[in-house]
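Please look over the sequence and the structure shown here before reading the report.

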Amino acid sequence: MEQNELYPIFLKTQQLETLIVGGGFVALEKLSFLLKSSPNSKVTMVSPFFREETQELANKFGIQMLVDEYQKVYLSNKNIVIATTDNVAVNIKVYKDCKEKNILVNVADNPPYCDFYMGGIVTKGNVKIAISTNGKSPTTAKRLRQFFEDVLPENIDDLVKNLNAYRKTIKGNFEEKVEKLNEFTKSLVEK
């Protein structure tokens, strides 16, 4: 059986600079996905045109939109880049330019040109679950996201906050604290 070898991380996108290259439907989808999960993300978009819906969303969140063709200069001070144009040559140029500058890049719908994928995300308060299919089936990730949204209780955040408060009262070294928390929470996973 194949194994997904991606390493999941949760980025503080409000502390990073993101560039989205493109202004069409895919750009809107990627921007929506990013802002739904991280509404304080710092994002700049560059495209010769922007869909009306993209403009509305960008304006609502204070996203800078540059009406221009992609140029390498737009990578300056960027940490993450998402290429969404319908021009394969432009997307590959974005990818190559990012690799030269050691910038993480995702070329939409082109897995060989991706350092990361934007998988399904479930958020309930402080609990966030990321779902990846290794870029093979976004539809499966979507269905799994819907499943977890349904099965996770709405009050899961109360549990997290209560455990955080309890954690602060535990005495001992790190290993002892982990052991006590593991013992305290094992009933959550027992069948």
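This is a predicted model: local features need pLDDT of at least 70, side-chain atom pairs count only at pLDDT 80 or more; totals for chains, interfaces and linings use all residues.

Residues are numbered from 1 along each chain as its sequence is written, and side-chain values use heavy atoms, with hydrogens and water left out.

Helix H3 spans 18 Å from its first C-alpha to its last, close to the 18 Å expected at 1.5 Å a residue for its 13 residues. Its buried residues (under 20% relative accessible area, 1.4 Å probe, protein chains only) are Asn91, Ile92, Val94, Tyr95, Asp97 and Cys98, and these pack against strands S1, S4 and S5.

The elements involved are as follows.

| Element | Residues |
|---|---|
| Helix H3 | 88-100 |
| Strand S1 | 17-21 |
| Strand S4 | 80-83 |
| Strand S5 | 104-107 |

Helices H5 (residues 156-169) and H6 (residues 174-185) pack at an angle of about 145°, their axes lying 10 Å apart, and their crossing is right-handed. Leu163, Tyr166 and Arg167 of H5 make the contact (heavy atoms within 4.5 Å) with Leu181, Phe184 and Thr185 of H6.

Ser47, in strand S2 (residues 42-47), is buried with a relative accessible area of 3%; not counting residues up to four places away in sequence, Ser47 touches Gly22, Gly23, Leu66, Val67 and Asp68.

Technical notes: Axes are lines fitted to C-alpha atoms, for helices over the stretch in contact, and angles run from 0 to 180 degrees between N-to-C directions. Helices (H or I, at least four residues) and strands (E, at least two) are DSSP runs, numbered from the N terminus. A crossing is left-handed if the near helix is turned anticlockwise from the far one by less than a right angle, and right-handed if clockwise. The expected span of a helix is 1.5 Å times one less than its number of residues. Buried means under 20% relative accessible area, exposed over 50%, partly exposed in between (1.4 Å probe, protein chains only).
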